[in-house]
Amino acid sequence: MIDPEVVEQLLQKDESPILEFKREWYWVSDETDLSQKWGEFYKDLIGLFNGYLEFVGQDRYLVIGYCESEREIFDVNAASISTLRDLRGFKRKVAGRLEALLSYPPLDLEIDIVEIKNKNLLVFKIPSPRRLTQLKAELATKTRVLDPGAVLVRKGQESDSIRLATIEEIRELESQFDSYKKSLESKTGDIPQKKDRSISKTVQLYIEKNSSCSIDVGFPIIVKDWANNVIFELFKISEGLGGSKYFLYLHEHASQGKTNAYLKREKLLTPNTPLIILTDSPSIKDKEKRKENIANVFNSDLVFFIDEFGLNFLYGDFIQSFERYNLPVFVESLTDELIDGHNSALKVLDSWYSCPASPLMVIKGYGGIGKTTLVKQFLDNINKADESVGLMFIDSNEIVDGLLRVSRAEKKIDDLYDFYAAQSQRAEIVAKSFSKDLLKLSVDNGSLVIVLDGIDEVIAKLGSRFDVSSFIKSIVGSYSDNMEKGKVVVTCRDNFWREFEGSELVREITLMPFNEDLAGEFFTQALEGSKIKVGRAMEMAEKLALKKVSANASEAVYIPYILDLIVYLLKHEAEFGTEDIRLVTPSNILNLTISNDFLVGSVCGREIKKLGNYDIDTQINFLIDFSASKSGYVSLYDVKNVFERSTSLQVTDEFVEKLTGHPLLSCADNNLYFRYDFFYDYFKALYLVRYLLRSDIAGLDAQVLDILNSYAGFDNGFSRSVAIRVPFSENLLLFFMETVEELKQRLAGGVVAEMSSLRGAISGAFSLLLTLKWHQHNSLDTEKCTELLDSIFSTGEWLDSVYLVGLGGSDKAKPIFDFRGKTIRSSYFEGYEYFWECPMDEQTRFYSSTFVALEPRMGIKVKSYPNTFDLSCDVSDIASLISQREKEVDDQRSELHASLTQFFKLFHERGNFYPKKQDDVRARIYTGKLLPTLLKHNVVIEYRDPKKAALKQYKIAEPFRPIVKIFEQGGEAALEFERVVSLFM
């Protein structure tokens, strides 16, 4: 946190080489071309890093929201600029850019919103760097392009303007920074150390591979003399049958001559014993020159870079060959992060790949946005640049069943190796496999880059059995903890990903849909530049375009999977003719006002001739049933049976072969899959739509139950997709009642293993019904929620078998029910977010019910009464909450007793209650909260003495005068006093 007092003092100063003020942020809205404005920002920041002569050693500040000439603060509205809404993410973005842009970038800068005089300033604090900073990449600003090697200082015609430093200024600044660094070291004894690395894992794994070897007693010898640059590790390895060798780790910043002299002086090496030297791979072009120098100094030909040694002698056999994808069409996806003035996602990945100590990249975006295409092109790029790097692509959809089997054996999925093991077990060809330690070493050394594609599939299917937090920690901590070259890419739908708090080593980007230019480029590539076809493709795409609203206007954006399907349709025109896209047969399932339904219907219409004149709904019904496959695919050997069950039509083997070419499907390993993961959820929603539209309870099969249990929730995306296709009606309400009743009967007679899914299905059905009601009226208050609750679960006298599991709310609606005066029996509440916000009173009763994971939301107090939960209820999981509530009630009652006793004592004298002047009663501070309630319930009444008609008085009403007994000797209890206490509880 930046100290506000320090900022207030800065505002009293003039701008200088280490202090700059800006009235407002570099742009005021999310404009389209921000590259030059980002350049201005980085130019100003870099200028502050170097400052100017005589300012070395002082903290630097950039203050946004203050005008120096007017001496006035202007509030920074960070919420209006998407880049500034998440300061932690913004800092990560800036740090990553500075690493790519500068040599020795000061990454310990602080960024904070500081409130001064009720206005917000955006403040950057840069502790004085220890080195001179210069550009190592090109930087484009508003007025010019700065070349690599440029050194910026803040000293031009004015004392605070930015310009290029002269050679003399550079020399003097370097001298002053060097003096500053030495002064710090002399004061604290803290010589800044480089990364402390080790080859202990490499040596240990070498010994494991060569089981006859062992480390000699007294080794390793580790020397870390940072002051003299003598930094090494020395291991001596001996074989059981004789023979020894040394492993020497030479740190990248160690002095070769001094280290060799130290080894000789201390006689640490035995003559004629082989010496294997391992060192870090430098970031220079002529890497072999470093090895030659080391070989000459130490007189040893066995010199290896650490990753080179691992690849040649430890794990090279386990890295499988990589075949480039050579994507026929690739358009660079966009993200909101700028690199070198571009927001190309591929350039972000390339920049991340070149940065050390940044092991994990998460690529987010919804289904069909192009995540998989992007990472495949990224892997191709790596392979083209360096074929020695191993590349592994793991498709979560292929291995999720294997992970599920492992997790069922009471093993948490929490490590990158779990995914590798599942991939290896799936391989048909038996190949050598990594051990966990070898996999960690290969990734840490940068020898193997791993992509986990579609990890949301794992999150969805494994739930709590997949520990996402530990999984990320394993990558950050175990797969990039020594050489810091580890690179792992994860793709995930953004709604499944919860950002990992506490580590800036995790980078994230979110892919954006294509704009019109990118859509045109996609079609140009895919349709080989045919202007007629590209024009027609764009016309079709415009019908399905989404609208992205910006600060100034709205623009059309396009989902890549839709563009891909449009290309597919156009490429098959020669086979099917040139008629316009339309639904050639009607559909009772699809809603043509919904863009996705229109596209799917159009695709199926185009396939009618190819599939033998099966109408659209026949295809849709098959695809609906296809989506319910638990494995996520259907074997080609089972397709015929699945299609015939779905459609009641006889099909031939030839038809099955043609089905593999359906544009919504893809075929691999003799299995059919959906071409995009988007369609799994899309057709599952249609599965439920079909069930509701048919309104036949016989259709309540295992798939409907599973979808209700696993996907339906209040106002989530899945339920909304059902709601826009199925309008709420009284007949629909009756069918929901019938559905829930059937599920309750199955629950009553079912086996224990099915109880959880049946409870979840009942809750899902009710959550879906709430969503339908909410979308009918665009409002859903407590009264409407309670009406639906009564409709579904009321027996007339009480609510029976109410199951609310994982019921949450949305930004616009909260499902809250009025339980006042109600009796609820045989019910189950788990993870219901608003349970404690449901109104209850002393007549609310729960019998034979279970309550699990009902933590109140922030700021909400638990409310219950002594008899709210009958002894027949299982309240073990919320017992602490109830106890806390009871303690609060006891404390409140004790406080009330004391306050009311003090109040009644005002009227007590000579063993009785006497009238008191109203002004005297009101003058007491403690009466303010009590008096309105006591007057309302006629405990205290107004009184006028006939003899003093003008005097306004209060007196204790006759029915409550027995309260005087509490002041008598022995303090008798008074029932009337307890009645008064209850008025306030």
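**Close-up views of a predicted model**

**View A. Helix α2 against the sheet.** Helix α2, formed by residues 35-50, lies across strands β1, β2 and β7. Its direction is at about 150° to that of β2. The structure shown here and in the other views is a predicted model.

**View C. The open sheet of 4 strands.** The strand order is β1-β2-β7-β6, and the pairing is mixed. Strands β1 (19-22) and β6 (110-116) stand at the edges; each has a single partner strand, so one side of each is left without a neighbour in the sheet. From one strand to the next, the twist averages 20°.

**View D. Pairing of β2 with β7.** Strand β2 (residues 60-64) pairs with strand β7 (residues 119-126) in the antiparallel sense, over 5 bridges. Within this pair, V63 stands opposite V123 of β7.

**View E. Packing of helices α28 and α29.** Helix α28 covers residues 730-749 and helix α29 residues 752-777; their axes come within 9 Å and cross at roughly 170°. Because the crossing angle is over 145°, α28 is roughly antiparallel to α29. On the α28 side, the contact is formed by L732, L733, F736, V740, L743, K744, R746 and L747. These residues meet M755, L758, R759, A761, I762, A765, L768, L769 and L772 in α29. By class, the residues of this contact divide into 14 nonpolar and 3 charged, with no polar residues.

Conventions
Residues numbered from 1 in each chain as written. Predicted model: local features only at pLDDT ≥ 70, side-chain atom pairs only at ≥ 80, totals over all residues. Heavy atoms only, no water. Axes fitted to C-alpha atoms, helices over the stretch in contact; angles between N-to-C directions. Helix = DSSP H or I, 4+ residues; strand = E, 2+ residues; numbered from the N terminus. Parallel < 35°, antiparallel > 145°, perpendicular 65-115°, else oblique. Contact = heavy atoms within 4.5 Å. Nonpolar A, V, L, I, M, F, W, Y, C, P; charged D, E, K, R; others polar. Pairing = 2+ DSSP bridges.
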